[in-house]
Amino acid sequence: MRFAPFNIAFHGIGPSHVADADEFPAVLDRLREDLDGALVLALNAAFDISVIRRTCEHYWITPPAFDYMCTVQVARSVWPGLPSHKLNVVG
């Protein structure tokens, strides 16, 4: 598995945390039925979706076919007066 120091510092997950975990293709296989045709909500969705797509490209697998919505964009639309639309502010 590949780990960038920046990512480890950001989320605190390192190689020892996932030493026995499946790699992305196996995990995606388990999730694909739920994802195909679904609406996926994500905070800053553009980043998350790009990571899924790039990871699928890396492994030469077809990404799941789903629509997605960015909860930050929704929050900005619904609560335009908030000083921030971070999850800890909106949630």
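Start by selecting helices α1 (5-11), α2 and α3: each of them supplies at least two residues of the lining of the largest pocket. Helices here are DSSP runs of H or I with at least four residues, strands are runs of E with at least two, and both are numbered from the N terminus. On a 1 Å grid over the protein atoms alone, a pocket is an open set of points with protein on both sides within 12 Å along at least five of seven lines, and lining residues have an atom within 4 Å of a point.

This is a predicted model, in which local features need pLDDT of at least 70, side-chain atom pairs count only at pLDDT 80 or more, and totals for chains, interfaces and linings use all residues. Residues are numbered from 1 along each chain as its sequence is written, and side-chain values use heavy atoms, without hydrogens and water.

Next, select Asn7, His11, Phe24, Val51 and Thr55, which lie nearest the centre of the largest pocket, among its 29 lining residues. Helix α3 gives the most to this lining, with eight residues.

Now show strand β1 (residues 39-42) and strand β2 (residues 67-70), which pair in the parallel sense over four bridges; pairing requires at least two DSSP bridges. Between β1 and β2 the chain passes through helix α3 (residues 45-59), and this β-α-β crossover is right-handed: with the strands pointing away from the viewer, the path from the first strand over the helix to the second runs clockwise. Pick Leu39 and find its bridge partner in β2, Asp67.

Finally, go to Gly37, which follows α2 and has a positive phi, near 80 degrees.

Note on methods: 1 Å grid on protein atoms, 1.4 Å probe; cavity = no way out; pocket = protein on both sides within 12 Å on 5 of 7 lines; lining within 4 Å.
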